[in-house]
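Please look over the model shown below and follow the report through it, section by section.

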Amino acid sequence: MSFAKEELLAVTIARLIGDARHVAVGAASPIPAMAVYLLREKNGGRPRVSLLQKRSGNPFTEGSRELFDLAGQGRIDVFFLGGAQIDGEANINLVGAEGKRFPGSFGSAYMYFTAGKTILFREEHSPRVLVPKVDFISAPGWSAPGVERRGGPAALLTGKALFLWQRDKRRFLLESVHPGSNAGDVRANTGFDYDAPDAVPATPPPSAAELALLRGPVAKVIAENYPEFARRVWDALAEIRPA
């Protein structure tokens, strides 16, 4: 059974989301959006999704301000963050690296603390991104005892592998490796140290039922809100184009 890399990543994220009630997806995050809408199709409209990229019917009339209010009230169960750099303590850097400046941290630190759990997601898996120590901490992966913090990292998903966060150890555990890669390849391309079992399993592929949902009703929603992404992944099929 053939599938796109993006479909594998979306299905993996959906499994990580689990039975969350409310999931928020930031701008320019089509793969997490795929995952949430896949879950909604499987679960009869659950979980609730707040999609900042939504092009029509967006409930957020003041941009991210309302999202931050919801998170501060404890009403966001899952959020997603990436970074120019991510290190082995789940710190992320959105400010700059290798002499380059990026748009900045915006609300990443706030959401990292207030969302129930955060899934770190970055398709590029290289020592340039997964570093021993970030150059600048935009949002910390852990906090000292006594620091008020509702949430934190749950996992790190890349284009090569899935890592689970071990809160007690403050380090990642290699959970699975995607098709086309292997444990040695992951180790060679990861700048930080992590735990791993003797035999690392393969990331479970999408089922036929999941692919049917992704390429049907999910694709229609994604095409409306991320048209270029949809055309690239699903080859501009007429049935996934917005009306």
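This is a predicted model: local features need pLDDT of at least 70, side-chain atom pairs count only at pLDDT 80 or more; totals for chains, interfaces and linings use all residues.

Because its relative accessibility is 6%, below the 20% cut-off, His 125 counts as buried.

The side chain of His 125 makes a polar contact of 2.6 Å with the side chain of Thr 158. When neighbours within four places in sequence are set aside, the residues in contact with His 125 are Leu 130, Thr 158, Lys 160, Ala 161, Phe 163, Val 186, Asn 189 and Thr 190.

## A three-stranded sheet

An open sheet is built from 3 strands in the order β5-β4-β9, with mixed pairing. Its edge strands are β5 (92–93) and β9, each of which pairs on one side only.

Strand β4 (residues 85–87) runs antiparallel to β5 and is joined to it by 2 bridges, and within this pairing Ile 86 stands opposite Ile 92 of β5.

## Helix α6

Helix α6 (residues 208–225) has 18 residues, which at 1.5 Å a residue should span 26 Å, and the distance of 25 Å between its end C-alpha atoms agrees with that expectation.

## Aromatic pairs and a cluster

Searching the whole structure gives 9 aromatic pairs. Among them is the edge-to-face pair of Phe 68 and Tyr 110, with 5.6 Å centre to centre and 70° between the planes. Since Phe 68 belongs to helix α3 (residues 65–72) and Tyr 110 to helix α4 (residues 108–114), the pair ties together parts that are 42 residues apart in sequence. Tyr 110 counts as partly exposed, because its relative accessibility is 36%.

Trp 165 and Phe 172 form another edge-to-face pair, 5.0 Å centre to centre and with 65° between the planes. Trp 165 is buried, having a relative accessible area of 12%, and Phe 172 is buried as well, with a value of 0%. These two residues belong to one aromatic cluster together with Phe 163, Phe 192 and Tyr 194; Phe 163 is in turn among the residues in contact with His 125.

Conventions:
Residues are numbered from 1 along each chain as its sequence is written. Side-chain values use heavy atoms; hydrogens and water are left out. Buried means under 20% relative accessible area, exposed over 50%, partly exposed in between (1.4 Å probe, protein chains only). A polar contact is a pair of N or O atoms within 3.5 Å; within protein, one must be able to donate a hydrogen and the other to accept it, and residues adjacent in sequence count only if both atoms are side-chain atoms. Contact means heavy atoms within 4.5 Å. Two strands pair if DSSP finds at least two bridges between them. Helices (H or I, at least four residues) and strands (E, at least two) are DSSP runs, numbered from the N terminus. The expected span of a helix is 1.5 Å times one less than its number of residues. Rings of Phe, Tyr and Trp (its six-membered ring) pair if their centres lie within 6.5 Å; planes under 30 degrees apart count as stacked, over 60 as edge-to-face and the rest as tilted.
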